[in-house]
Amino acid sequence: MAASANMIVTNTPASDLALTNLAYCSHDDLEGFAVPDTKLFLASIGDSFVLSVSAHESISSGHIALNAIQRRHAKVCTSDSLSVSRFIPPNNFELALLTLELEFLKKGNKNEQVDAVLLANQLKERFINQVMTTGQKVSFEYHGNNYIFSVNEAAGEGQKSSNAPERGMFSSDTYLVFETSSDSGIKIVNQREAAGSKIFRQNKFNLQSLGIGGLSAEFTDIFRRAFASRVFPPHVTNKLGIKHVKGMLLFGPPGTGKTLMARQIGKMLNGKEPKIVNGPEVLNKYVGQSEENVRNLFADAEKDQKTRGDQSDLHVIIFDEIDAICKARGSRSDSTGVRDSIVNQLLTKIDGVESLNNVLLIGMTNRKDLLDEALLRPGRLEVQIEISLPDENGRLQILQIHTNKMKENSFLAPDVNLEKLAARTKNYSGAELEGVVKSAVSYALNRQLSMDDLTKPVDEESIKVTMDDFLNAVQEIIPAFGASTDDLDRCRLNGMVECGDRNKHIYQRSMLLVEQVKVSKGSPLVTCLLEGSSGSGKSTIASTVGIDSDFPYVKIVSAEAMVGLPECAKCAQIVKVFEDAYKSPLSIIILDDIERLLEYVSIGPRFSNLVSQTLMVLLKRLPPKGKKLLVIGTTSEVGILDSIGICDAFSITYHVPTLKTDDAKKVLEKLNVFADEDINAAAEALNDMPIKKLYMLIEMAAQGEHGGASEAIYSGKEKIKISRFNDCLQDIVRN
């Protein structure tokens, strides 16, 4: 058969065949509608709909038989010519959801009760493998009555949205929803029983196709806690004597996908259209209006439950930024108590005297600690899922989601390695990864523009987003949480150099502590103190351990970031660093120069007692379940810390020594700034010198009489004269 042919329309051969929803043709024409590798015969009828085709001996070649409803939908009469073509179904063409509106074939004063379970089974048996299109009408017989159903919704499984009509193939897994008009005379019973396990629109979940990356474990927990009971028919849960979960709370850092997860859950459920409410939108300046806004959110669910009982649909209410209206009662300074009454109203609606069983409230917040405790108890927002920073595999999924379209359209350069990019962005949230992709695209687009002439045509074929674009974007998009790489690098400007067995031993033992935190089940908190003379390399060792650990969260707390702050503000900053660390599965906190954090001085008020008490509490407080933390402290005044009890808060203490002659010689050989015959003499002079002073001394000696000689020395073209070195050494010793 040609791709499209004109056929003559005729009547269906027999009245009983009119109730099959099939089109009929001759045996000669049937093969032209065969779908390869299947036993199906499908015909596209004009631009209207798709019908399954069967052969009948009474139909002449070149003719196609349609019943009256099919002809009316195709807008043709008998003997008209109609364009007909073979229809090849695409992949994943099965219907997940089919919403059908029932009416009698012949209008009258009939009143019939239709069992949704029996009807669904009969329709699946009769119309299996037929294609249903939104707007299509189909006639059928049920218990001696002739009916028509209209396809109001045909939702496919795994299909991408397009301009094509909504259609799909009827399968045994298709979830049927029956509707009727108020004057139809048809009453549907057992609608929820017919759903069976079809609380969701799909049988399988591909989270990446929904735009959700790195949250499969969280979604599994949500399904088990909140939806497992709803999968079974109502009579099963009644026998178990349980009530459905009515609320869940998604909490975690900003940009990790809480709102996206809630929005997609609402779309996946077979219920009413989700109501999405931002917390501040509920508030109103008029007395009692805010409480009424809360009541209105539950009004439809109350009405549905009163009229339909257990047959009621699921009503989903999504509360974004729920902490805006549900802060702990009594925690506000205002005297009106308006917000407290909003919390009271919400609590009674979720789980009050007349509690609803057809409501699912999904709340989202970045500040779980602000919420009223009564809201979090079982029966209310009892399912509490933390949406934290994604791991490496999760970051890869998120990057794949955001680069999928540019890859399909050949805008992604071959050198782009998303696996390497995911490894480099270990401290990024989902929103920040999306920002990285946007920034990389902006670099690629900017290469196609000329600031001299913005009207110049753009060559679309030459647009390529390269790996360099992504690396530049990573430098541009700074994550709010995670490793403070720049701060750590500032603490080790000269890098980590081999300067003795003791320093090497301390570094190796510190890395063993990192492994202990990773794998140990009995050590969720490990603390280590590095003490020694000022400039001996304590901060360098701690920063190197933080960078080499590959932990997703590494922060350094130093006094220089708190200059001018009062005690309370300092404590608040320190506590925030620890609270942020508890949001990551693996974290390192470096407390640099603890005596400076304590504001220690040798005379007058010796130190800040408030900061010291805060540190001692935090150093002994175990992180939440599933979180692990390594704290590394550095100090040049270990005696002071010991006297006020802070040393006892650390699990282990290492002494970082100054350089001995042999150690100084190793450093000088590595730097290669002295002549071979001068190295021993310089090393002797540097005995018992902190390594930070050694670098300062070398920098001073590398300058010429009038400056500018250091570049030649470090490039190896010149060497530092031992006499110049000794002069600088005398200056440092005198200081």
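User: Which residue in S18 is the bridge partner of Gly 247?

Analyst: This is a predicted model, in which local features need pLDDT of at least 70 and side-chain atom pairs count only at pLDDT 80 or more, while totals for chains, interfaces and linings use all residues. Residues are numbered from 1 along each chain as its sequence is written, and side-chain values use heavy atoms, with hydrogens and water left out. Strand S15 and strand S18 (residues 359-365) pair in the parallel sense over five bridges, where strands (E, at least two residues) and helices (H or I, at least four) are DSSP runs numbered from the N terminus, and two strands pair if DSSP finds at least two bridges between them. Within S18, the bridge partner of Gly 247 is Leu 361.

User: Which residue in S19 does Met 248 stand opposite?

Analyst: S15 also pairs with strand S19 (residues 383-386), again in the parallel sense, over four bridges. In that pairing, the residue of S19 that stands opposite Met 248 is Val 383.

User: How many residues of strand S15 are buried?

Analyst: A residue is buried under 20% relative accessible area, exposed over 50%, and partly exposed in between, using a 1.4 Å probe and protein chains only. Gly 247, Leu 249 and Phe 251 point one way from S15, whereas Met 248 and Leu 250 point the other way, and all are buried. For the strand (residues 247-251), the count of buried residues is therefore, by the under 20% cut-off, five of five.

User: Is Asp 372 buried or exposed?

Analyst: Asp 372 has its place in the loop between S18 and S19. Leaving aside neighbours within four places in sequence, Asp 372 is in contact (heavy atoms within 4.5 Å) with Cys 326, Lys 327, Ala 328, Arg 329 and Val 343. Because its relative accessibility is 6%, Asp 372 counts as buried.

User: Which residues touch the most other members of the largest nonpolar core?

Analyst: A nonpolar core is a set of buried Ala, Val, Leu, Ile, Met, Phe, Trp, Tyr and Cys residues joined through side-chain atoms within 4.5 Å. Leaving out residues up to four places away in sequence, Leu 591 touches residues including Val 557, Phe 578, Leu 597 and Leu 615. Of the 29 residues in the largest core, those that touch the most other members are Phe 578 and Leu 591.

User: Why are the buried residues on the same side of H21?

Analyst: In helix H21 (residues 661-671), the buried residues are Thr 661, Asp 663, Ala 664, Val 667 and Leu 668. They lie on the same side because they cover only a limited arc around the axis, the arc being that of the directions from the helix axis to the C-beta atoms. The face turned away from this buried side carries the exposed residues Asp 662 and Lys 670, and what covers the buried residues includes helix H22 (676-685) and helix H23 (691-702).

User: Which helix supplies the largest share of the lining of the second largest pocket?

Analyst: On a 1 Å grid over the protein atoms alone, a pocket is an open set of points where a 1.4 Å probe fits, with protein on both sides within 12 Å along at least five of seven lines, and lining residues have an atom within 4 Å of a point. The second largest pocket has a volume of about 1,200 Å³, a volume being the space filled by probe spheres set on the points, which are joined across faces, edges and corners. Of the 46 residues that line this pocket, the closest to its centre are Arg 490, Cys 491, Ser 539, Ile 556 and Asp 592. The largest share of the lining, six residues, comes from H23.
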